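Hi,

Here is the structure I promised to pass on.

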Amino acid sequence: MYNMIKSLEDYMLPCVNKKFFGFECMGCGLQRSAFLLLKGDLAGAFIMYPAIYTLILLFGFILINSFKNFKYGGKIIAILAIINVAVIISSYLIKLYLN
């Protein structure tokens with residue numbers, strides 16, 4: 001299993017925004033964070049991309065809601081999406097100003 005996860009690292013896509021413009025985009029770190037999550041490094045995944053857990057929560061709820069429609073499912077999805085956008089933007093701004 002570890003060899004399969006290790007070989008996934010060879011197929012990661014480079015950030016086109018960073019390559020052409022010289023600075024990272026808001027999605028930079030998501031692939032590496034997911035890779036660290038697969039390896040079991042929970043703290044490293046959070047440090048690499050803080051929104052990884054809120055994204056998992058959002059997509060997990062969307063998946064569950066597609067099978068079992070909750071009464072306020074749409075509102076919950078909207079709130080989770082707003083939280084995700086806030087976490088992504090704030091972590092991006094922090095990364096920009098600290099580097």
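The largest nonpolar core has seven residues, namely Leu36, Ala45, Tyr49, Ala51, Ile52, Leu55 and Ile88. Please keep in mind that this is a predicted model. Leu55, one of the core residues, touches Leu30, Tyr49 and Asn84 once residues up to four places away in sequence are set aside. Tyr49 from that list is itself a member of the core. In soluble globular proteins, nonpolar side chains tend to be buried together.

Now for the chain as a whole. The protein chain has six helices and zero strands, and from the N terminus on its elements run α-α-α-α-α-α. Of its 99 residues, 23% count as buried. Among contacts with a separation of 6 or more, 35% are between residues 24 or more positions apart.

Val16, Phe20, Phe21, Phe23, Met26, Val85, Ile89, Leu93, Leu96 and Tyr97 make a nonpolar surface patch of about 1100 Å². Which helix gives the most to this patch? That is α6, with five residues. Helix α6 spans 73-98, and both it and α2 (16-21) supply at least two residues of the patch. Phe20, a patch residue, has its place in helix α2. Is Phe20 buried or exposed? Its relative accessibility is 61%, so Phe20 counts as exposed, the cut-off for exposed being over 50%.

Next, the aromatic rings. The structure holds one aromatic pair. Phe61 and Phe70 form it, and their rings are stacked, with 5.4 Å centre to centre and 20 degrees between the planes. The pair counts as stacked because planes under 30 degrees apart are classed that way. How do the two partners differ in exposure? Phe61 has 15% relative accessibility and so counts as buried, whereas Phe70, with a relative accessible area of 34%, is partly exposed. The line between the two classes is drawn at 20% relative accessible area.

Last, the cysteines. Where does Cys15 lie? Cys15 is in the loop between α1 (2-8) and α2. Leaving out residues up to four places away in sequence, Cys15 touches Cys25 and Cys28. Cys15 and Cys28 are 13 residues apart along the chain, and their C-alpha atoms are separated by 6.7 Å.

Happy to go through any of this with you on screen.

Best wishes

Note on methods: Residues are numbered from 1 along each chain as its sequence is written. This is a predicted model: local features need pLDDT of at least 70, side-chain atom pairs count only at pLDDT 80 or more; totals for chains, interfaces and linings use all residues. Side-chain values use heavy atoms; hydrogens and water are left out. Rings of Phe, Tyr and Trp (its six-membered ring) pair if their centres lie within 6.5 Å; planes under 30 degrees apart count as stacked, over 60 as edge-to-face and the rest as tilted. Buried means under 20% relative accessible area, exposed over 50%, partly exposed in between (1.4 Å probe, protein chains only). Patches are made of residues with over 30% relative accessible area and no salt bridge: like charges are joined within 9 Å, nonpolar side chains (Val, Leu, Ile, Met, Phe, Trp, Tyr) within 5 Å. Accessible areas come from the Shrake-Rupley method with a 1.4 Å probe; for residues, only the protein chains shown count as cover. A salt bridge is a side-chain nitrogen of Lys or Arg within 4 Å of a carboxyl oxygen of Asp or Glu. Helices (H or I, at least four residues) and strands (E, at least two) are DSSP runs, numbered from the N terminus. Contact means heavy atoms within 4.5 Å. A nonpolar core is a set of buried Ala, Val, Leu, Ile, Met, Phe, Trp, Tyr and Cys residues joined through side-chain atoms within 4.5 Å.
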